[in-house]
Amino acid sequence: AVGRAQERPEFFPLAKCLKTGEKKQAEAVDCDLEVYRASGAVRVVSGTAVLLALEKARLTHIVYERVTRQHLAAGVFLAWPVTFPKGRKHFLTLQFRREDGKSDFLPMSLDRSNYERALVSLQEATGIRVERHLNEPH
């Protein structure tokens, strides 16, 4: 099970993630990133709701972007600065395989106070190199 009772996660608060529901447009919701170093599991929680719980084996890519402009990612136009609250510049995309084997992803923004620690923790816990992109205006 993701987040075993005996294992305490590293906790990265003050994040935002895109949540899609019955509405067509995604909305940014407050969330926290939990990284379980021993097992490599990752959870994204919002209050008491678990938005994503992944065992290490299901996580396929971790992409970090420092974004100040709109861009195209994975064939989808993402307007990070528009979608997330003002001042958000540190974005993380967790790419994973769902239970049915299909690929999926969860975009989120990280707080500037802890994004570097979160990236190091994710890479060390999962063994997956964090792909970094710095998209600065020219």
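Reader: Is D104 buried, partly exposed or exposed?
Author: In this predicted model, the relative accessible area of D104 is 28%. Buried residues fall under 20% and exposed ones over 50%. The value for D104 lies in between, so this residue is partly exposed.

Reader: With which residue does D104 form a salt bridge?
Author: In general, side chains of opposite charge can pair when their charged atoms come close. For D104, the closest N and O atoms of the pair are 3.8 Å apart, and the cut-off for a salt bridge is 4 Å. The partner of D104 is R98.

Reader: Is R98 buried, partly exposed or exposed?
Author: R98 has a relative accessible area of 31%. Because values between 20% and 50% are neither buried nor exposed, R98 is partly exposed.

Reader: Which parts of the chain does the salt bridge between R58 and E99 tie together?
Author: The side chains of R58 and E99 meet at 3.3 Å, N to O. E99 is exposed, with a relative accessible area of 72%. The two residues are 41 residues apart in sequence, so their pair ties together the loop between β4 and β5, where R58 lies, and the loop between β8 and β9, where E99 lies.

Reader: Are R43 and E34, which form a salt bridge, buried or exposed?
Author: The closest N and O atoms of R43 and E34 are 2.8 Å apart. A residue counts as buried under 20% relative accessible area. Both R43 and E34 are buried.

Reader: Why is the pair of rings of Y64 and Y115 stacked?
Author: The count of aromatic pairs comes to one. The ring centres of Y64 and Y115 are 5.6 Å apart, and a pair requires centres within 6.5 Å. Planes under 30 degrees apart count as stacked; those of Y64 and Y115 are at 10 degrees, so the pair is stacked.

Reader: Which strand and which helix does this pair link?
Author: Y64 is buried at 2% relative accessible area, and Y115 also counts as buried, at 16%. The two residues are 51 residues apart, and their pair links distant parts of the chain. The elements are strand β5 for Y64 and helix α2 for Y115.

Reader: In what pattern do the helices and strands follow along the sequence?
Author: The chain has two helices and ten strands. Read along the sequence, their pattern is β-β-β-β-β-β-β-α-β-β-α-β.

Notes: Residues numbered from 1 in each chain as written. Predicted model: local features only at pLDDT ≥ 70, side-chain atom pairs only at ≥ 80, totals over all residues. Heavy atoms only, no water. Phe/Tyr/Trp six-rings, centres within 6.5 Å; stacked < 30°, edge-to-face > 60°. Helix = DSSP H or I, 4+ residues; strand = E, 2+ residues; numbered from the N terminus. Buried < 20%, exposed > 50% of the residue type's maximum accessible area, 1.4 Å probe, protein only.
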